[in-house]
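Student: I would like to learn how to read single features off a protein model. Can we go through them one at a time?

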Amino acid sequence: MSQGQEITCCTQEQHHAHSETQGLEVAQVSEAMEETFPSSSHPLTPDNLEEAPAAGTPTTPQSPQSAYSSSTSITATSSSESDESSSSQEKEDSSASSESLSETENLPIDPLEEKVSLLVRFLLHKYQMKEPITKTDMIDVVIKEYKDNFLEIFRRACERIELVFGIDVKEVDPTSHSYVLVNKLDLTYDARLSGDEGMPKTGLLIIILGVIFMKGNHATEEEVWEMLNMMDLYSGRKHFIFGEPREFITRDLVQEKYLVYRQVPDSDPPHYEFLWGPRAHAETSKMKLLEFLTKIHGSDPTCFPIQYEEALRDEAERARARAAARAATTASASASSSAGPAAPPSPSEV
């Protein structure tokens, strides 16, 4: 993007900071999910996730997806049946997806896109199994004959896994080209520790924290669900990647102290809202979140002056708190050193 384009972008977005950031982020995430886990006549569930074809790929025994599925599978939680209304909606979605698939199945197949989708699944499998990842493994198991295109496939897979799942792929050894997958924004939440072996949900947490921040540090329950509905996430309905979202949001993230879920003061009838929890404040910052949100659609934190100024104040407060903590530690160490070792008791005290 040119400098002139950036200035125009900022000027427009200053008037639509809330809706523009969240809407574009959700659109990007939804597109990345569809590219990696495309709709089919059989809606995806965690149980058949590894069997789903890549975008535009016919389901045949000879497809690269089938070959990969025979060598490894992604561990996922079993899905339970949805309620009657959800089942009815899923049938409608399935019918619409079938029509869409019939219209697109004759489109040219992008072999690199197939490899990107397969590599995302391979990375998720390694993340869930807590296994190391090497470039050699990625080429031997997934990339294969497209090794000359490794950098492009790897770049696109990393971008997608960052958007959808909130995970960074970091190189830990340049010599062996080995990598680890870590949660973004320094968030330490790990569903694997609580026995949840489904898809990583850090990306969903980041979206909710973003909604709260962009709404003035508190977002009503309706505002949060309005945004999640745009990603096809509905209360009481299992999502093919994130499972049933309400329990995760209002129970798990609240118990883990990432979110505060409370009644709006003086609301009658009662309404509820979400705020950042103490763990979110401790592990990440408003500036890191704003940088991530604006990175998604190629703009800059300064394009959102109200949020940017608040993020700067937050950074300054954090710096002062760190300086005060260091000063207190230094003072305590100095006092202990000045006091010296305790004197031995005198003979009369023995």
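Student: Which side chains meet in the salt bridge of R279?

Tutor: This is a predicted model, and in it the side chain of R279 meets that of E283, with 3.0 Å from N to O.

Student: Where do R279 and E283 lie?

Tutor: The general idea comes from helix geometry. An α-helix has 3.6 residues a turn, so residues three or four places apart point the same way. Here R279 and E283 both belong to helix α11, residues 278-283, and are four residues apart, about one turn of the helix.

Student: Is E283 buried or exposed?

Tutor: The cut-off for buried is under 20% relative accessible area. E283 has 17% and therefore counts as buried. R279, at 21%, counts as partly exposed.

Student: How many salt bridges does a search of the whole structure find?

Tutor: The search finds 19. E162 forms a salt bridge with K295, and their closest N and O atoms are 3.0 Å apart. E162 lies in helix α7 (residues 150-165) and K295 in helix α12 (residues 286-296), so this pair ties together parts that are 133 residues apart in sequence.

Student: Is K295 buried or exposed?

Tutor: K295 is exposed, with a relative accessible area of 52%. E162, in contrast, counts as buried at 9%.

Student: Which residue forms a salt bridge with K288?

Tutor: The partner is D186, with the closest N and O atoms 2.3 Å apart. K288 lies in helix α12, while D186 is in the loop between β3 (178-183) and α8 (202-214), so the pair ties together parts that are 102 residues apart in sequence. K288 counts as partly exposed at 32% relative accessibility, and D186 also counts as partly exposed, at 44%.

Student: Which residues are linked in a network of salt bridges?

Tutor: The network links E113, E152, R155, R156, E159 and R160.

Student: Let us turn to strands. In what order do the three strands of the open sheet stand?

Tutor: To read a sheet, take the strand order and then the sense of pairing. The order here is β4-β6-β5, and the pairing is antiparallel. β4 (219-220) and β5 (259-263) are the edge strands, each pairing on one side only. Between β4 and β6 (residues 272-276) there are two bridges in the antiparallel sense. A219 stands opposite F274 in β6.

Student: Why do the buried residues of α9 line one face of the helix?

Tutor: The way to read this is to look down the helix axis. In α9 (residues 221-229), E221, V224, W225, M227 and L228 are buried. Seen down the axis of α9, these buried residues fall within an arc of 160°, so they line one face.

Student: Which residues have the most contacts inside the largest nonpolar core?

Tutor: They are L119, L123, M138 and F165, in a core of 67 residues. α8 gives the most to this core, with 10 residues. Not counting residues up to four places away in sequence, L119 touches M138, V142, I143, I153, F154 and A157.

Student: And the protein as a whole: how many helices and strands does it have?

Tutor: It has 13 helices and six strands. Of its 350 residues, 42% count as buried. The protein exposes about 18,400 Å², and carbon and sulfur atoms supply 52% of that area. Among contacts with a separation of 6 or more, 65% are between residues 24 or more positions apart.

Key
Residues are numbered from 1 along each chain as its sequence is written. This is a predicted model: local features need pLDDT of at least 70, side-chain atom pairs count only at pLDDT 80 or more; totals for chains, interfaces and linings use all residues. Side-chain values use heavy atoms; hydrogens and water are left out. Two strands pair if DSSP finds at least two bridges between them. A salt bridge is a side-chain nitrogen of Lys or Arg within 4 Å of a carboxyl oxygen of Asp or Glu. Buried means under 20% relative accessible area, exposed over 50%, partly exposed in between (1.4 Å probe, protein chains only). The arc is that of the directions from the helix axis to the C-beta atoms. A nonpolar core is a set of buried Ala, Val, Leu, Ile, Met, Phe, Trp, Tyr and Cys residues joined through side-chain atoms within 4.5 Å. Contact means heavy atoms within 4.5 Å. Accessible areas come from the Shrake-Rupley method with a 1.4 Å probe; for residues, only the protein chains shown count as cover.
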